[in-house]
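The walk below goes from the overall division down to single residues.

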Amino acid sequence: MTKLTLTPRYAGDVPEAWAQELGSQTLARIMLARGVTDSDGLDTSVMKLLPAGGLMGLEAAAKLIDEAIDKNKRMVVVGDFDCDGATSTALMVRCLREMGASVDFIVPDRFKFGYGLTPEIVMHSAETLNPELIITVDNGISSHEGVAKAHELGIEVIITDHHLTTKPSPSAAAVVNPNQQGCEFRSKSLVGVGVAFYVMGRVAKLRREAGKTTTSVAKYLDLVALGTIADVGVLDQNNRILVTHGLANIRAGRACRGLLAILEQAGRDFEKIGSDDFGFAIAPRINAAGRMDNMRTGVECLLADDWSTAHTLALELGRLNQSRRSVEQQMRDEANGIIEELHLSDGERAKALPKAIVLYQDGWHQGVIGIVAGRIKERLYRPCIVFAPADIDKVGDDDLIKGSARSIAGVHIRDAIEAVAIANPDLITHFGGHAMAAGLTIQKRHFERFVQAFNQVMDDFSESVFSEEQFTDGALSPDEFSLAFAAHLKDLSVWGNGFAPPSFDGVFEVLNFRVMKDKHLKLTLRADGVLYPIDAIWFNYQPKQWDYQASRVHILYTLEVNEWQSTQSVQLVVKDLSVVDIAPLVA
């Protein structure tokens, strides 16, 4: 019997003054582990937002948009087909309309036009909407050809984006992206809707100062919060401020009708919403529109101003999400079968596990390959790229296939794909993304060659990178197993990517257990110094790690408030478990 192997998030000394200010050594340790050393780092007042002036290209973009509104130029916002793209599009369209602009929007159908401001989407926009100005949101930083096509047609382009790039920006009239070359904005973690928020805020201020029709962009922080969490934006202080105020707006009922309708469909109470609800309840429904059909449904839902329209569109998003889940499950089953055939399953065969998993099937749906890649990555703790046909009716060797990649800590997946592209200039048609997620397009005939080239890049990584490291914020003191502490912990900050939810560990006596729905393990535990039993639950538990004779267990867990029939109680949500002792068999 062994204890879990865990890495302390913070192993240094805790200044007594900081512990006294927070009222707890544990809270001080948690914050120090996340780089917060004083109360200023926890300040989420709007006054602490980074000034917009640091964003390169912002002034030029704001002045161009301001002039376009005054001259009643026809504008088209070109979005992206994920939740960040949908919230970015909705925010910009709402603000522009309220400032008097003549504006429409297009979200490229991923099955027809692919990603970004492509020449094809520029042509489509010109033919259907005849714009004089195109503004991209959550895309465009790599769209050199699309910008060139727009110029050829006499259309101005403003790019607002957040994606990484190693190349000069396109020759647009203005480019706003904290990650473009030469931009010194102190937060590189804004997502697309965060950039759109800053741009619209600057336009609104320009117009307010000039006595023109304007709007309050801050009332759409619900959209900013949703897009930031949905796109797994790093929660630096700037993003935590945006998300905190967005959540406050929603809890007060000051949110877009469509967002509230989606929450209602998902069975969530808007007054109690947390950042987790964005990722588990709202974002999947909006993303389903872009994955299964067309993201226009998701944007229209966020633009709806009457309850009837909002409810109708929220119902449609729910239907699309059910369809997405069905397709995803089928693909996951097929992918698991392939992994089994490749001798990559758990147990003794796992020794043969390669450093990356790259899969393709003719019948797979490109709308859900990113989700499937993420699930496989989580199961095997390996970078994973899942490909599907770009067009389900075209699966010949010369036809294109699209891949969606998900990665682990220590492997910058976009850079890894770029390394393949540099070494094999004719192999990858298009790619882009972040450290943890990316996309690419290749010809089907090049699939095996890509697998080989990608695995060669992975071979340069140390084996230690592919062993998942689990972190703990230490043990809780007996008085911290309380509703008051759990609630305070939840309210202390928004938690998420880059500001990880606190996790704790400890050894507990097992008083009772039962298996629920054949997949969840419910435990009743006793902790030293705690006078009452503590409930714990291990969702989708691992039977191989459990012993029905267990008398003591070492667990890694998060501290939650469980609410059942209007009664609240402390509950430990188990992330990992090791049996320390077993009870002797009774004769």
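What follows moves from domains to a sheet, then to cores and a few residues.

This is a predicted model, in which local features need pLDDT of at least 70, side-chain atom pairs count only at pLDDT 80 or more, and totals for chains, interfaces and linings use all residues. Residues are numbered from 1 along each chain as its sequence is written, and side-chain values use heavy atoms, with hydrogens and water left out.

Start with the division of the chain. Domain 1 spans 47-255, domain 2 spans 352-466 and domain 3 spans 471-582. These bounds come from an automatic or database domain assignment. The centres of domain 1 and domain 2, taken over C-alpha atoms, are separated by 29 Å. Across this pair, 10 residues of domain 1 are in contact with 12 residues of domain 2. Contact means heavy atoms within 4.5 Å.

An unreviewed entry annotates residues 75-228 as "domain: DDH". That stretch is 40% helix and 14% strand, and its end C-alpha atoms are 25 Å apart. Helices (H or I, at least four residues) and strands (E, at least two) are DSSP runs, numbered from the N terminus. The annotation "domain: DHHA1" (unreviewed entry) covers residues 355-458. Here the chain is 34% helix and 29% strand, with end C-alpha atoms 6 Å apart. The feature "domain: RecJ OB" (unreviewed entry) is placed by UniProt at residues 472-576.

Two strands pair if DSSP finds at least two bridges between them. Strand 7 and strand 8 (residues 384-389) run parallel and are joined by 4 bridges.

Where do the nonpolar residues gather? The largest nonpolar core has 147 residues, and Leu-96 and Met-200 have the most contacts inside it. Helix 7 (residues 192-209) gives the most to this core, with 10 residues. A second, separate core of 30 residues includes Tyr-360, Ile-408, Leu-427 and Phe-454. A nonpolar core is a set of buried Ala, Val, Leu, Ile, Met, Phe, Trp, Tyr and Cys residues joined through side-chain atoms within 4.5 Å. Buried means under 20% relative accessible area, exposed over 50%, partly exposed in between (1.4 Å probe, protein chains only).

Finish with two loop residues. Most residues other than glycine have a negative phi. Asn-130 has a positive phi, near 50°, and sits in the loop between helix 5 (119-128) and strand 4 (133-137). Asp-518 also has a positive phi, near 65°. Its relative accessibility is 76%, so Asp-518 counts as exposed.

Note on methods. UniProt positions are given in the numbering used here, feature names are shortened, and annotations may be inferred rather than shown by experiment.
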